[in-house]
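Hi everyone, and thanks for coming. Today I'd like to walk you through a structure, one step at a time. Please have a look at it first.

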2 protein chains.
Amino acid sequence: MSSVALYSARGNSTSNPGDSQRLNGQSTTPLDAMPVAVYDLTEKSLRDAENELVTLLGAERVITSLGERITHSSTEWSVAPGGDLDRHSFIVHPKSTEEVSAIAKICHKRRIPMIAFSGGTSLEGTLAATTRGGCCIDFQLMNKVIQLHAKDMDVVVQPGVGFEELNAQLDPQGYFFPPDPGPGAQIGGMIGQGCSGTNAYRYGTMKDWVLGMTVVLADGTIVRTRNRPRKSSAGYNLTQLMIGSEGTLGIVTEATLKLTSAPRNIRVAVLAFKTTQAAVDTAIEIVQNDMPVAALELLDGFTMKAVNQAGYCDKQYPEIPTLFMKFAGHTPQSVQELIDRVEDSAKRNGCQSLEFSKDDKEVAALWMARKTALWSLLAMKENPEDKFLSADAAVPISRLADLVEETTELLNKSGLIGSCLGHVGDGNFHTTVLYGGSDKDKARQIISTVQKRAIEMEGTITGEHGIGLEYRDMLVNENGPGFVDMMRHVKLALDPYCLLNPDKLFRVNWDAKRD
Amino acid sequence: MSSVALYSARGNSTSNPGDSQRLNGQSTTPLDAMPVAVYDLTEKSLRDAENELVTLLGAERVITSLGERITHSSTEWSVAPGGDLDRHSFIVHPKSTEEVSAIAKICHKRRIPMIAFSGGTSLEGTLAATTRGGCCIDFQLMNKVIQLHAKDMDVVVQPGVGFEELNAQLDPQGYFFPPDPGPGAQIGGMIGQGCSGTNAYRYGTMKDWVLGMTVVLADGTIVRTRNRPRKSSAGYNLTQLMIGSEGTLGIVTEATLKLTSAPRNIRVAVLAFKTTQAAVDTAIEIVQNDMPVAALELLDGFTMKAVNQAGYCDKQYPEIPTLFMKFAGHTPQSVQELIDRVEDSAKRNGCQSLEFSKDDKEVAALWMARKTALWSLLAMKENPEDKFLSADAAVPISRLADLVEETTELLNKSGLIGSCLGHVGDGNFHTTVLYGGSDKDKARQIISTVQKRAIEMEGTITGEHGIGLEYRDMLVNENGPGFVDMMRHVKLALDPYCLLNPDKLFRVNWDAKRD
């Protein structure tokens, strides 16, 4: 065990976080009212915890190898790169809700932080990096589809099930689970993140597809949030409180997911426009008229150039703002009817070129450009060591074209390589900036300018990627400090020692290793 | 001022509710760990508060007349009938978020309970009755549509706006706000209740149509939960925490609602079946095949009999289980295509009679039976003094026919008049039991049997009506005490003195006037 105590207790272990706020009956906890930290990350505490965990799980399910600790601490996708100080003290592999509860009780008793880990695809440093050492709870052995209720159209799963594997199992039976974040994502992280993806315009986001869950709280209490009915008004919506809480309020150990029928008669359209405004105006018409397209994506001219250069696709596209759309329906006729309406709208908005898939092969070929857009962009790196930062702004759709155009101008002026692509139907788009070592501040400046403008347009800094470590300070600007102080207050109530994924989403004002 | 102190402080006024739980870092608050109550409802406290409120709002907006206090304390729909002890001490009429915040600060300082009041249509005693006196915050002067963002398809409203008035304003412009609870409901209560209605199968419930809100917390803090983008992953979903919290966590003073395009080409179908199972099997086929019908309602044979007897409709219907459906679409052709599919499915399931509207007049005429179903039932009262109780169970749809049939048998055996009708597409149905004074226990027994069976079927005791006062003890059975203890813990964090709509949703274990 090489970990050292980074944070020793500064109060006694029965101090009461949040005391001063609660004494006055207050409903929020500002940063300067935070209680003292109670972590015990001394070598003795960690060794004792490890021994107890080995007794609980067996040595083979308590991992302390440096290699595993490094791979669990960050990924090449994360803005929080990880480092010597960022490693978990150990990684455990529970097999059941009861084991997760027992692990939480051990960590709670010893004041050791816990981070849940499933697919590890987070971008903003939410789950893939720790700030204080502690216990990583890896769900790789809790990857079962527990039960499909076909007639009710729901499925009960463990947190280590990947959405791609789930859909591969469901599709032959005619069912579909719509949320589609980054490849490799698993249900636990998808709930933590409140994720979405290209299917969100038609189907909504993760919050719309979880009926209930079993969650282990910081002190090991097991809570079931809801049963399986499609609709419920039974008490606080703790399901929704958990979704998007980035692992800071509880650890999801089981979830009941809603399903729909698998989309059929899929077709794809690629429509290129002279201006972003013309592309967005077409999208607005589609939204306004409630046309049920299955996906509605915008790639800017630079992304199209990257797609052409990367060569994943057979063909060359015009390097101008381009809408990628998916259609699906019960009959080929209803899909064609929808396509006709979209085509009509696109032409009225001055569409420069239209292409519609004619068969399933063309569906895959045309969608390939959208699917590989991020990889194509990253292939534009001038130096393999270059990094990237991304913004994930979402704005009311009437302001989307303005923000994309402002962002393009920012990127052009900066001299850095970057692009805009995203989920135009939701008003959400990703700005990706590539940068070399010396340009990090310049890249950050672009991202934060885009975020500030999104807020000014009554939007959000994150439509789907979350806050994690990177965007905590910017979040305060979005809805004012009251919102963050209320979050902090809820956190302190449910996790008084701040053991679950600490430092994420908002600051706690204790000695922090990171700036 | 005739109110007397029902609850005087038993701890000192700076005692810290929840201390013992938080001292141990716990994540839940069981009933026996509740702190002592701190209310101050002495005559002096109430008089001082009233004086401060008059200074703030003027005497004309601080109401103490007995008549108003009676009409605000209950309605003929509420299971909590109200009485001498159930009246608010005074009613205030704020005009702005800032005034609500100032009112909350006055009540918080003096430890006086607060209940928000908008449409007053709650059934389960959620909002329309107080248990401890205190301040009723009536939103009748905050009834403005603040801004329609047509291009973004959202609208900013105050809590006193009725959903019917809102849609009357929106429809001529082609927009639609789908949630449709009881007539007279207003946005504030609809958020508090997490309501739905006949449109929920197609459009989802209140939780799907609120983008963000401004909320005043128990101590008067003003929090804005989200901006206007259609999608956000920016921190805890405090919007969803508020929706369905029955006014116990905060007071909504403004909401941004999502809109969709107004339904066109509406048609209605009435389909009668020999058995409940055959009707539900048809509904299941519709759900399984994702057929986008606009409403999917089931009325049992007894309800159809009540409809025939009440005479609101021009015609007589077969008195057997009947599906009422609505259809809407972009073109008459797409609606006809859907109707053909539904007709095919109904016939395969042995439908006894089918009727489809041919014009708008027939749409209204056929839907009238569904619309007047509850009134028709109440007209079956043997004695005008008779009361009614209702269950609001929702189960996975595969179990719906079983539960409806079991319930019908229960009702038949009991000798009481009652029926089942509801939102079959959501697995949700209402059991209404009429009873005379001496049969209250018998009626309660039926309701609680239905609720217990719903829980055994992995369902919920309430699909849309909420818990209020009446079903607090049954809620504990639904997901176990951990769920309720976690709710109580969140409540104590955000409202440490339990000032907001106390005693609703769960017990607080203080001297309670009610059993």
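This is a predicted model: local features need pLDDT of at least 70, side-chain atom pairs count only at pLDDT 80 or more; totals for chains, interfaces and linings use all residues.

Let's take the two chains together. How can chain B be laid on chain A? It takes a turn of 180° with a shift of 0.0 Å along the axis, and the RMSD is then 0.0 Å. That is the relation of a two-fold axis.

Now, where do the chains meet? On each side there are 102 residues: 102 of chain B are in contact with 102 of chain A. Of the interface residues of chain B, 100% are also interface residues in chain A, so the copies meet through the same surface. Between them, chain B and chain A bury about 8,000 Å², with 54% of that on carbon and sulfur atoms.

What holds our attention at this interface is the polar side of things. We count 42 residue pairs in polar contact between chain B and chain A, with both residues at pLDDT 80 or more. On the side of chain B that touches chain A, helix H17 of chain B, residues 481-494, gives the largest share, nine residues. That side of chain B divides into 45 polar, 34 nonpolar and 23 charged residues.

The charged residues bring us to pairing. Side chains of opposite charge can pair when their charged atoms come close. How many salt bridges are there between chain B and chain A? The count is eight. An example to find on your screen is Lys231(B) with Asp426(A), whose side chains meet at 3.4 Å, N to O.

Let's step inside chain A now. The domain assignment gives three parts: domain 1 covers 31-140 + 478-494, domain 2 covers 145-261, and domain 3 covers 267-467.

The contact takes 20 residues from domain 1 of chain A and 24 from domain 2 of chain A. About 1,800 Å² is buried between these two domains, and carbon and sulfur atoms give 67% of it. Which residues of domain 1 of chain A lose the most area to domain 2 of chain A? They are Thr97(A), Phe139(A) and Leu494(A), together 29% of what that side buries.

How about charges and polar groups here? Between domain 1 and domain 2 of chain A, the salt bridge count is zero, while five residue pairs are in polar contact, both residues at pLDDT 80 or more. Helix H4 (97-110), strand E3 (114-117) and helix H17 (481-494) of chain A each supply at least two residues to the domain 1 side. The largest share, six residues, comes from H4(A).

Last stop: over all chains, the structure holds 54 salt bridges. In one of them, Lys109(A) pairs with Glu52(A), with the closest N and O atoms 3.0 Å apart. This pair links distant parts of the chain, 57 residues apart: Lys109(A) is in helix H4 of chain A and Glu52(A) is in helix H2 of chain A.

Methods
Residues are numbered from 1 along each chain as its sequence is written. Chains are lettered from A and ligands numbered from 1 in the order in which they are written. Side-chain values use heavy atoms; hydrogens and water are left out. Copies are superposed by least squares on the C-alpha atoms of residues with pLDDT of at least 70 in both. Contact means heavy atoms within 4.5 Å. Domain bounds come from an automatic or database domain assignment. Buried area is the accessible area (1.4 Å probe) that two parts lose on being put together, summed over both. A salt bridge is a side-chain nitrogen of Lys or Arg within 4 Å of a carboxyl oxygen of Asp or Glu. A polar contact is a pair of N or O atoms within 3.5 Å; within protein, one must be able to donate a hydrogen and the other to accept it, and residues adjacent in sequence count only if both atoms are side-chain atoms. Helices (H or I, at least four residues) and strands (E, at least two) are DSSP runs, numbered from the N terminus. Ala, Val, Leu, Ile, Met, Phe, Trp, Tyr, Cys and Pro count as nonpolar, Asp, Glu, Lys and Arg as charged, and the others, Gly among them, as polar.
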